Amino acid sequence: IIGVMEGRRSLAIAAAVAVAAALVPCAAAKREPFQMIDAKASVVGGTADYVAEAMSKLSDGRQVAVVAALGPRRVGKAALLSQLFGAKFDDASSEGVYVAPASTNKDVLVLNPVPADSTESELTPKRLAALCASLADVLIVNAWYTGSRRPTSATVDTLAGLFTEALRQAADGGGVQRTRVLVALHGCSASADRAAAEAELKRQVSAIWQGVPKPPALEGAQLSSLFDVEYVCLPHYRAESAQFKESAAKLKARFGADAPETESALRAEYSKAIDVDNFAVLAEQLWADACADADDDGVSITREQLGACFAASQALFDVTRAVDRQLAKWRAVVGRKQLVPSFGQAGKALLASALAQYDAAVAGAGPPPRFV
């Protein structure tokens, strides 16, 4: 009898441990990023429950501050969001829109849209930018520093989408809702001329604003009338990890709950005043509106621009082929369990050479294409 009772007691203890172990991952999983829009551009069920649970300790119990990070994959978005908000996004995630609470500020909900590589998908940079323009109090636009004088198509499309949506809302009588835009230039090493890089980035952003069609009532609108744009240069998150973390730490303080009003990135004037209970419904409606709009801006591309696009595509192919040959040689050295001499310097030299070769190849291609 005693043996049977001991056996049952052991089983009961084991069952309790199993139940506890099962509950712990569930609790932790609620803090993991949630895919609210999937790779097929469909809104995923369960978003409302996830957000309600994740944001259950809001300061006022109602309004949530939304920060969205826009930009292509593998530009350093996930690393930056991890440093700023403790959100564990993955740069290798499939396309869609992911959401997660910030562990550094209980009032902040972080959005990480991942655009599709395919032009057939509705998950385009412009549509994702339009969604985030209506949801986010602060937008972090992530761009890649290449030393080139031309913005990438992803950066152009993202900013054009933001600007177009803000102009549309203002023209529709929604009033002027100022938005904080932080343009983060990734991969800008400590040795680079950051002042020159920032000045060039400002020029590019201004040119994109000028090129966006504006409603008649806002024909003369200035960028500063709708957006507070700030620029920051960030070292490469892997090659210069310590410097990257140091730069990110300065930004992190500005997103904290105790940041002074004059320094905070989350000022009241930028708030979209979104009720946590309405977030999922609002996001679904805004995404439906974004998908209903044509993903163009009504501007045709000239024959010269098409020719320049072809030249740029061919130059990219040639440069990539040359880089792949060098990388294959290095992989062979590593395969023989040998070290590549001065690999860091050699890698930087290869990058600089590839960029110079690309720039030289497209320099004579005529007027630069609007989207490169």
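Q: Is Asp 275 buried or exposed?
A: This is a predicted model, and in it Asp 275 has a relative accessible area of 16%, so it counts as buried, the cut-off being under 20%.

Q: Where does Asp 275 sit, then?
A: Asp 275 belongs to strand β8, which covers residues 274-275.

Q: And how far is Asp 275 from Gly 61 in sequence and in space?
A: Along the sequence Asp 275 and Gly 61 are 214 residues apart, while in space their C-alpha atoms are 9.0 Å apart.

Q: What about Ala 273, where is that found?
A: Ala 273 is found in the loop between α7 and β8, and with a relative accessible area of 45% it is partly exposed. Its phi is near 55°, which is a positive value in a residue other than glycine.

Q: What is phi of Ser 342?
A: Phi of Ser 342 is near 50°, again a positive value in a residue that is not glycine. Ser 342 lies in the loop between α9 (303-335) and α10 (343-362), and at 55% relative accessibility it counts as exposed.

Q: OK, let's zoom out. How many helices and strands does the protein chain have?
A: The secondary structure of the protein chain comes to ten helices and eight strands. The chain has 372 residues, and buried residues make up 42% of them.

Q: What share of the contacts comes from residues 24 or more positions apart?
A: If you take the contacts in the protein chain with a separation of 6 or more, residues 24 or more positions apart account for 74% of them.

Q: Now the strands. Why is β6 described as largely enclosed?
A: Strand β6 runs over residues 179-186, and eight of its eight residues are buried, so the rest of the structure largely encloses it.

Q: Which way do the residues of β6 point?
A: Thr 179, Val 181, Val 183 and Leu 185 point one way from β6, whereas Arg 180, Leu 182, Ala 184 and His 186 point the other way, and all of them are buried.

Q: Which strands pair with β6?
A: Strand β5 (residues 138-144) is joined to β6 by seven bridges, and these two run parallel. Strand β7 (residues 227-234) also pairs with β6 in the parallel sense, over eight bridges.

Q: How many residues of β4 are buried?
A: In strand β4 (residues 108-114), seven of the seven residues are buried, so this strand too is largely enclosed by the rest of the structure. Val 108, Val 110, Asn 112 and Val 114 point one way from β4, and Leu 109, Leu 111 and Pro 113 point the other way.

Q: What are the partners of β4?
A: Strand β2 (residues 63-70) pairs with β4 in the parallel sense over four bridges, with Val 66 standing opposite Leu 109. Strand β3 (residues 96-101) runs antiparallel to β4 and is joined to it by six bridges, and here Val 99 has Leu 111 as its bridge partner. β3 and β4 form a hairpin, with six residues between them.

Q: Switching to helices, how do α4 and α8 pack?
A: Helix α4 (residues 125-135) and helix α8 (residues 279-292) pack at an angle of about 145°, with their axes 9 Å apart, and their crossing is right-handed. By class, the contact has eleven nonpolar, one polar and one charged residues.

Q: Is α4 mostly covered or mostly open?
A: α4 is mostly covered, with eleven of its eleven residues buried, including Lys 126 and Arg 127.

Q: Last one: what does Phe 244 touch?
A: Phe 244 is found in helix α7 (residues 241-254) and counts as buried at 2% relative accessibility. Leaving out residues up to four places away in sequence, Phe 244 touches Ala 79, Leu 80, Gln 83, His 186, Leu 234, Pro 235, His 236 and Tyr 237. The C-alpha atoms of Phe 244 and Gly 187 are separated by 9.0 Å, and the two are 57 residues apart along the chain.

Conventions: Residues are numbered from 1 along each chain as its sequence is written. This is a predicted model: local features need pLDDT of at least 70, side-chain atom pairs count only at pLDDT 80 or more; totals for chains, interfaces and linings use all residues. Side-chain values use heavy atoms; hydrogens and water are left out. Buried means under 20% relative accessible area, exposed over 50%, partly exposed in between (1.4 Å probe, protein chains only). Two strands pair if DSSP finds at least two bridges between them. Axes are lines fitted to C-alpha atoms, for helices over the stretch in contact, and angles run from 0 to 180 degrees between N-to-C directions. A crossing is left-handed if the near helix is turned anticlockwise from the far one by less than a right angle, and right-handed if clockwise. Ala, Val, Leu, Ile, Met, Phe, Trp, Tyr, Cys and Pro count as nonpolar, Asp, Glu, Lys and Arg as charged, and the others, Gly among them, as polar. Contact means heavy atoms within 4.5 Å.
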